[in-house]
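Subject: A structure for you to look at

Hi there,

Here is the structure I promised to pass on. Please open it beside this email and follow along as you read.

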Number of protein chains: 2
Amino acid sequence: MEKPAEVLRIFEKYTPLVDGEIKSLLSAQDNLLMYDMMSYFFGYLDEDMKPVTGFGGKRFRPGICLLLADFYGSLEKTIEIATSIEIFHNFTLIHDDIEDRDQMRRGRPTVWNKWGINHGINTGDAQLLLVNLEFDRFAKKNPTISSRIHELTNKRYLTIAEGQFMDFHFSELPIHHAEVTEKGSFDLMGSKSGVLVGLPAEVAGLVAGKSDEECKALWDYGYNLGLAYQLSDDLVSIWGSSEKSGKLELADIKEKKKTLPIIHLYEISNAGNKTILENLYNKKQDLTDLETAAVKRLLDDSDTYEYVWAKAQECVSKVCEAIEKLSITLEDKRLLKEINEALIVDIRKAAK
Amino acid sequence: MEKPAEVLRIFEKYTPLVDGEIKSLLSAQDNLLMYDMMSYFFGYLDEDMKPVTGFGGKRFRPGICLLLADFYGSLEKTIEIATSIEIFHNFTLIHDDIEDRDQMRRGRPTVWNKWGINHGINTGDAQLLLVNLEFDRFAKKNPTISSRIHELTNKRYLTIAEGQFMDFHFSELPIHHAEVTEKGSFDLMGSKSGVLVGLPAEVAGLVAGKSDEECKALWDYGYNLGLAYQLSDDLVSIWGSSEKSGKLELADIKEKKKTLPIIHLYEISNAGNKTILENLYNKKQDLTDLETAAVKRLLDDSDTYEYVWAKAQECVSKVCEAIEKLSITLEDKRLLKEINEALIVDIRKAAK
């Protein structure tokens with residue numbers, strides 16, 4: 001794993017709070033392998049079910065939530081809701097991995113790969129119920145605002161499930177279909193990646209009792225940060241090393257995911273290359289290594305990297321606009337902007 | 001479909017309340033095929049996505065909840081929570097059907113069979129989120145008790161997910177394993193079938209503001225009714241016609257489910273038949289039609305029907321004991337007992 005940028009170490013204050021809360025919730029349940037599967041996925045257990053650290057993912061979403069809460073002086077009462085959003089996020093990953101047939105995540109076998117699809121489905125379901133139990137811990141501390149936040153989080157969660165539905169639909173369309181456009185791609189990213197950062201940001205404001213305008217700015221901040229992060233992740237999946245991402249090399253291409261880089265490549269391709277891409281993306285199976293390499297070459301020879309990177313930067317601009325609207329100190333604003341720069345990295349430039 | 005016993009028509013008062021609530025919730029969502037899949041599963045749409053009636057299942061669990069609420073004079077404020085439990089129950093069925101690879105339910109293709117496993121997983125997930133949104137409707141009407149009921153329902157739901165986990169475990173054990181016992185079978189049935197009737201019964205008491213003792217008696221009533229109903233369903237699956245159950249003929253045997261009839265058959269079998277059963281139940285694949293027929297013959301030639309029927313009757317006795325403890329009129333108690341008799345039918349005797 002690459003050493004994170006110095007500014008991201010700010011999250012090291014919040015990660016143990018979230019992990020402590022998740023561990024406390026899991027240890028309050030019965031002693032069942034099902035909960036150990038969750039502990040494994042959260043990165044607390046290794047493949048032999050022995051305690052381990054360093055595989056838990058970034059805890060980025062609750063980190064953003066708690067950093068903002070800290071700015072507002074409401075860290076303590078925000079821990080449980082930030083944690084429940086992280087539990088939800090990890091639930092979506094357990095089921096996503098089944099749906100995408102992804103065998104590896106964070107450098108380790110996925111839950112379904114290790115224990116089978118049935119356990120993957122059911123353990124995910126149980127984890128979605130733990131989201132509700134963790135919410136109850138939040139509600140106990142914050143009884144007056146809990147019903148409003150219950151409603152908001154569940155509506156947002158449902159938007160994410162709708163996004164997943166549209167993702168299936170999108171993946172089933174031929175690449176030349178009229179719905180497969182840059183706009184379609186942004187709508188999809190918004191309903192999943194955007195919401196999953198927008199929600200923890202706006203929740204920080206709601207718990208702190210901020211105004212509707214402030215909460216809207218927080219939503220815009222998180223939503224666009226989620227988009228920018230997704231776009232940069234799509235670039236990493238193509239031009240980054242698998243060691244860095246923990247995913248299989250060029251998996252997005254191999255699995256014919258219609259990410260923005262691919263949609264853009266198709267849009268700018270000449271008739272001959274369009275036909276090649278149509279044939280490859282209409283295949284029922286995954287691409288072979290040779291086919292994957294051919295698509296990678298087309299991407300390399302095009303302006304795709306620069307184009308998508310510019311789109312990510314447009315999102316970052318919106319993030320910065322939203323930051324300016326927040327009622328936080330200049331220092332805190334500067335910190336948020338440094339976080340953008342550390343998260344959304346121009347990997348081609350950085351590699352030079 | 002068989003005509004239901006006259007006393008069960010009492011539920012016809014509550015079914016439209018629950019269906020109306022589910023339809024209102026679904027129509028409040030975006031216009032997405034995902035929600036039509038739910039409408040299909042709830043029995044509101046046919047296989048061509050045209051409005052239909054008569055395929056929605058019995059709405060038995062919310063029916064019990066609302067009947068009890070009606071006894072207590074609190075019908076109106078209980079509708080939403082009874083509905084949310086029904087939405088949860090149907091969510092479990094959508095995922096169960098994937099996990100069991102069941103192709104048919106209520107005489108129609110299951111969701112995963114019609115739209116694929118990925119849609120089955122995701123639509124189930126979305127439906128579990130709708131449980132939370134329906135809960136919010138309940139909480140709006142009943143703000144003072146909502147947090148207590150949120151906690152209770154989610155703990156019970158988690159018990160059901162744990163039951164599903166143990167079910168996988170149970171199904172993977174060889175039939176001669178020390179854990180495959182009548183007790184193990186009852187624990188499993190309890191955590192799924194028992195809880196799914198115990199919960200709506202106890203919730204009726206909680207919403208009505210009844211004492212802890214009354215709520216405990218309601219739980220005992222529902223839990224044991226759920227067990228009795230499951231046992232009679234296991235008998236129907238073997239000795240009933242598929243027309244009646246809506247399931248494939250002898251599916252439980254074919255899929256080598258370790259229901260109490262099979263566990264009992266194995267326990268009482270001689271060494272020769274034990275070996276036959278061990279060989280069949282250790283197969284990786286489903287049983288063939290010939291093998292299924294052979295197991296059916298062993299069941300026919302044993303006392304299994306009578307044995308399991310007697311167990312169901314023991315549960316019914318506990319149901320009746322619990323009914324006696326309730327603070328409802330004698331007439332209402334008699335009605336509940338008549339419902340037992342109509343639900344838990346001695347199909348062999350009835351067929352004579």
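**What I found**

Chain A has an average pLDDT of 94, and 96% of its residues score at least 70; pLDDT is the predictor's confidence in each residue, from 0 to 100. For the complex, the predictor gives an ipTM of 0.94 and a pTM of 0.95. This is a predicted model, in which local features need pLDDT of at least 70 and side-chain atom pairs count only at pLDDT 80 or more, while totals for chains, interfaces and linings use all residues. Residues are numbered from 1 along each chain as its sequence is written, and chains are lettered from A and ligands numbered from 1 in the order in which they are written.

**How the two chains meet**

How are the two copies related?

Chain B and chain A each bring 30 residues to the contact. On the chain B side, helix 4 (75-99), helix 6 (117-141) and helix 7 (146-172) each supply at least two residues. Helices (H or I, at least four residues) are DSSP runs, numbered from the N terminus. Which helix of chain B gives the most to this side? That is helix 6 of chain B, with 12 residues. The chain B side divides into 15 nonpolar, 9 polar and 6 charged residues. In this count Ala, Val, Leu, Ile, Met, Phe, Trp, Tyr, Cys and Pro are nonpolar, Asp, Glu, Lys and Arg are charged, and the others, Gly among them, are polar.

Within chain A, helix 1 (residues 15-27) and helix 4 (residues 75-99) pack at an angle of about 75 degrees, their axes 9 Å apart. Axes are lines fitted to C-alpha atoms, for helices over the stretch in contact, and angles run from 0 to 180 degrees between N-to-C directions. The two helices of chain A are therefore roughly perpendicular to each other (65 to 115 degrees). Helix 1 of chain A makes the contact through Leu17(A), Val18(A), Glu21(A) and Ile22(A), and among the residues on helix 4 of chain A are Ile79(A), Ala82(A) and Ile87(A).

Is Ile98(A) buried or exposed? Ile98(A), in helix 4 of chain A, counts as buried, with 23 C-beta neighbours inside 10 Å. A residue is buried if 20 or more other C-beta atoms, placed from the backbone, lie within 10 Å of its own, exposed if 12 or fewer, and partly exposed in between. Leaving aside neighbours within four places in sequence, the contacts of Ile98(A) include Trp112(A), Ile121(A) and Ile121(B).

Arg61(B) lies in helix 3 (residues 60-72) of chain B and is buried, with 24 other C-beta atoms within 10 Å. Not counting residues up to four places away in sequence, Arg61(B) touches residues including Glu86(B), His89(B) and Pro200(B).

Finally, look for Leu227(A) in helix 9 (residues 212-239) of chain A. Leu227(A) is buried, with 24 other C-beta atoms within 10 Å.

Enjoy exploring!

Note on methods:
Parallel < 35°, antiparallel > 145°, perpendicular 65-115°, else oblique. Contact = placed C-beta atoms within 7 Å.
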